[in-house]
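Welcome to my notebook. I opened a new structure today and wrote down what I looked up, one topic at a time.

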Amino acid sequence: LTKRNFSSTVEEERHVRANDRDYNERFSYADNHIKTAKYNVFTFLPINLFEQFQRFANAYFLVLLILQLIPEISSLSWFTTIVPLVLVLAITAVKDATDDYFRHKSDQQVNTRQSQVLIKGKLQNEKWMNVRVGDIIKLENNQFVAADLLLLSSSEPYGLCYIETAELDGETNLKVRQALTVTSDLGDDVAKLADFNGEVICEPPNNKLDKFTGTLFWKDNKYPLDNEKMLLRGCVLRNTEWCFGLVIFAGLQTKLMQNCGRTKLKRTSIDKLMNTLVLWIFGFLICMGIILAIGNTIWEQKVGSNFWEYLQWKELTISAVFSGFLTFWSYVIILNTVVPISLYVSVEVLRLGHSYFINWDRRMYYSRKATPAEARTTTLNEELGQVEFIFSDKTGTLTQNIMVFNKCSINGKTYGMLFGHKVDITEKTPCVDFSFNPLMDRKFRFHDSSLVEAIKLEEPLVQEFFRLLALCHTIMPEERNEGELVYQAQSPDEGALVTAARNFGFVFRSRTPETITLYEMGQAVTYQLLAILDFNNVRKRMSVIVRNPKGQLKLYSKGADTILFDRLDPSNEELMFTTSEHLNEFAGEGLRTLALAYKDLDEDVFDEWMKKLLFASTALDNREEKLGALYEEIEQGMMLLGATAIEDKLQEGVPETIACLTLANIKIWVLTGDKLETAMNIGYSCNMLRDDMNEVFIISGHTMVEVRQELRMAKERIMGPGKDKFSSGLDMEKTELYSSDSVFEETIIAEYALIINGHSLAHALEADLEQILVDVACLCKTVICCRVTPLQKALVVELIKRHKRAVTLAIGDGANDIGLDTNYWTAVNHFFIWGSLAVYFAILFAMHSDGIFTIFPNQFPFIGTARNSLNQKIVWLVILLTTVVCIMPMVAVRFIKADLYPTHTDKVRLLQQASRRQGPQEQNFRRVRRTSSRRSAYAFAHQQGYGELITSGKNMKVPTASTSTYPLSSPELAFMPLHGSLFPPRDKMMKR
């Protein structure tokens with residue numbers, strides 16, 4: 001291969017050779033150093049001055065300073081210009097340097113993280129920024145992935161490892177990655193890894209988080225690579241002792257950084273407004289200078305020429321036209337005070353003061369973690385009061401991402417109500433005593449002791465309920481110390497349910513590909529696992545088939561109630577009606593619901609079904625459809641056990657904050673990497689989605705044609721009934737006033753919500769569809785974009801900024817409760833307004849004082865001029881008349897214009913004032929009792945579950961001897977696997 005410089009040419013494919021830095025450096029790949037700061041020591045001054053001189057006032061005063069250095073036209077000292085200019089530039093530069101210092105600090109913290117790199121046959125600690133493409137690095141449990149890696153080997157069987165991708169897509173459920181078999185055999189043998197010289201040819205750097213295409217060439221063989229073998233920067237290694245990876249992309253070329261926008265110079269609306277005003281003022285100044293220069297030329301020709309012979313002028317200047325030219329520049333200097341450079345100083349000081357007020361705000365202080373609010377930049381503070389759209393992440397912003405088992409319904413009876421009725425539960429509310437269970441999770445809290453009593457009384461259906469929760473899942477247990485169980489859950493929902501079963505005496509302790517071991521009220525019981533009927537998006541349920549110690553065959557199933565209810569035995573009709581009422585109650589409280597059912601299987605029927613299953617699982621054509629049909633066949637005629645209700649805990653005060661923001665006519669959009677069902681659940685929990693909304697539109701098309709059709713249908717359904725409702729609610733005069741404006745859609749129209757998936761959003765953001773997307777989204781009260789990448793989040797924000805020209809606020813983790821000040825005149829305003837006048841007069845008198853004359857006699861010769869001038873009544877009269885003439889016409893025009901031709905802002909403000917006079921609606925601040933649209937918590941995976949992985953045994957380790965006070969298994973309870981099982985012998989599946 002010839003040397004290619006990728007800084008000047010587009011990289012078409014990437015060649016990476018392991019453990020060969022000399023080879024990889026030929027391609028000029030990016031190193032692992034990242035930079036989000038804008039400046040360094042050498043570039044700060046030129047770049048910052050360039051940015052500051054983009055302000056027209058600063059550029060004008062620089063030109064003015066140059067003009068004042070020319071004696072022929074200068075009538076004022078250069079000192080009067082350079083002092084305020086330097087002061088403005090210095091204050092702004094200090095503020096910008098402070099902001100960038102914190103960026104440098106953050107970059108330094110990331111770049112200096114330590115990583116173990118294989119160099120010259122030894123593992124050495126290196127800083128992240130020193131990692132290079134082609135290096136082999138070692139990761140340990142709970143460490144961040146330093147770069148985009150090809151997984152080579154891990155501590156888990158078959159080269160598996162578990163990662164958390166919350167930094168990439170917002171999901172905290174674990175993902176599985178698996179190394180190639182040929183590289184997983186390298187293990188942790190440093191000598192073998194140092195000799196590994198495989199070459200990877202793959203796609204160039206890109207921002208596609210869910211796609212990777214490449215080929216590994218090693219020992220004259222080719223091995224295909226995909227995204228399932230990649231560990232991306234930003235992921236965290238979980239539940240895996242160690243793993244080794246080959247660096248494919250580093251630094252700014254990693255997929256995470258490719259999804260991050262560059263640090264840009266942000267200009268606020270006030271900055272833009274001041275620039276526009278200064279341009280107009282400058283234009284006015286030029287016009288005044290031209291008029292005065294023409295007047296001077298005429299005067300010089302008719303009158304001034306008579307005095308030339310008495311003046312000691314050079315021949316060159318004895319010209320009326322040239323005198324007018326010089327006079328023009330002189331007036332440009334003299335009239336410089338009309339350009340408000342002091343306004344920039346005032347704005348910068350105000351911004352700095354506002355940032356301190358934010359830091360000191362007690363309402364934004366989080367006492368539990370002693371964390372105050374922190375304004376990381378002082379540039380954008382005033383924009384908070386002008387925000388029209390808020391774009392919020394979900395995980396860590398709206399929710400705490402903590403799932404809690406809250407309530408349940410078992411055989412028609414609800415549990416979880418304190419004292420049998422609803423009571424507000426606080427931290428001081430007494431909890432149920434689980435001390436009878438030595439394997440309990442001490443963090444688990446439940447407040448209804450009647451459920452524990454039912455367990456102790458050995459009520460069969462209650463025990464069967466928790467037995468189902470302990471058996472029907474794909475969780476992997478890990479026992480670190482005696483009795484210290486840690487569950488590796490594919491989703492927080494599953495973890496919450498199995499933890500609940502654990503505390504109520506049905507402890508999931510261990511599993512193999514063929515068995516599941518529980519501790520039921522202290523007794524070890526081993527169930528033979530015969531089949532896992534795994535979850536997917538179509539089934540929306542999961543089932544397991546087990547044989548209990550008595551030899552009975554049982555099918556346990558959990559899933560969305562709408563799905564399970566259709567598969568129940570007809571004898572469950574009354575119980576189904578009662579449970580459905582309970583589900584409505586749970587859903588009305590914003591809880592995530594799940595139905596549970598079981599079935600006793602006949603031995604002969606099951607054997608026949610297993611034969612069909614074995615045949616279908618080896619079919620070459622339509623395998624998924626055949627398996628789905630068999631699952632459907634055996635899941636008929638089930639018996640209903642009850643339902644669970646899980647609470648996805650919101651951040652404190654989220655519903656109230658959203659209600660207040662809605663009252664302020666601020667539109668809230670949720671942009672999340674989570675799946676559609678999860679995003680909808682959170683929307684209902686925080687009252688962004690409600691059952692009393694007119695309609696919730698879900699855009700899920702896979703092609704541009706489908707997405708266009710769905711958006712058009714949504715717009716037609718909104719605009720039709722909306723117009724009728726509007727015209728009936730207002731008189732004709734107001735209808736004409738508002739009909740051509742979007743105020744109607746924003747404040748009066750019936751409530752709609754829009755939910756759009758990531759793949760549909762990709763089409764909707766195309767140029768042909770983006771306008772209709774904006775139209776429909778802005779007609780809705782709530783917009784939720786799910787399964788979106790970080791880049792798509794940025795594109796959505798940019799779309800609204802471009803089409804609506806609105807101030808937007810994008811919120812990540814930790815900033816979800818900002819109070820907006822809507823008062824115009826406060827003590828601070830008075831202080832700065834009147835203080836500015838005082839400072840002006842102080843400077844004016846100082847420049848004409850004896851003291852300044854003593855220091856600079858040549859620059860300030862006019863002693864007492866200001867004092868003598870202000871002693872004259874005529875001067876004050878001129879100031880008063882000038883003020884009235886300049887201000888009063890504009891005030892009058894604004895009042896008349898606001899009344900006759902109200903702007904969008906005027907209309908919104910009037911409607912907000914009317915809303916405040918009526919007072920806030922009660923329903924905005926309390927949970928709405930939902931009567932339909934139950935939301936299943938069992939939509940917790942957007943992909944196939946872990947069932948196949950578990951039954952294959954690839955993720956199983958040889959269990960170590962239990963150190964528990966209970967034996968791991970008892971001879972009288974354990975038994976050999978059924979001969980008809982789909983699973984091969986254990987010794988072929990377990991890693992020894």
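My entries follow, beginning with the ground rules.

**Ground rules**
I am working with a predicted model, where local features need pLDDT of at least 70 and side-chain atom pairs count only at pLDDT 80 or more, while totals for chains, interfaces and linings use all residues. I number residues from 1 along each chain as its sequence is written, and my side-chain values use heavy atoms, with hydrogens and water left out.

**Entry: a listed site**
I started with the UniProt record, an unreviewed entry, which lists D393, T395, D813 and D817 under "binding site". I kept in mind that UniProt positions are given in the numbering used here, that feature names are shortened, and that annotations may be inferred rather than shown by experiment.

I then looked up D393, and found it in the loop between β14 (387-392) and β15 (399-410). Helices (H or I, at least four residues) and strands (E, at least two) are DSSP runs, numbered from the N terminus. Is D393 buried or exposed? D393 is buried, because its relative accessible area is 14%; buried means under 20%, exposed over 50%, and partly exposed in between (1.4 Å probe, protein chains only).

**Entry: a sheet**
Next I traced an open sheet of six strands, in the order β3-β2-β4-β13-β5-β11, with antiparallel pairing. Its edge strands are β3 (122-127) and β11 (230-231), each of which pairs on one side only. Two strands count as paired if DSSP finds at least two bridges between them. I checked β5 (residues 148-154) against β11: two bridges join these antiparallel strands. Which residue is the bridge partner of L150 in β11? I found M230 there.

**Entry: a covered helix**
I went on to α14 (residues 492-503), which has twelve residues and reaches 16 Å from its first C-alpha to its last, close to the 16 Å expected at 1.5 Å a residue. The expected span is 1.5 Å times one less than the number of residues. How many residues of α14 are buried? I noted eleven of the twelve, so by the under 20% limit this helix is mostly covered. Among the buried ones are D493, L497 and R502. After α14 comes G505, with a positive phi near 100 degrees.

I874 sits in helix α30 (residues 873-900) and is exposed, at 53% relative accessible area.

**Entry: salt bridges**
My search of the whole structure gave 25 salt bridges, each being a side-chain nitrogen of Lys or Arg within 4 Å of a carboxyl oxygen of Asp or Glu.

- R17 meets D20 at 3.6 Å, N to O, and R17 is partly exposed at 26%.
- K38 pairs with E51, their closest N and O atoms being 3.9 Å apart. K38 lies in the loop between α1 (21-24) and α2 (44-52) and E51 in α2, so the pair ties together parts that are 13 residues apart in sequence.
- R539 meets E635 at 3.0 Å, N to O. This pair links distant parts of the chain, 96 residues apart, and R539 and E635 are both buried.
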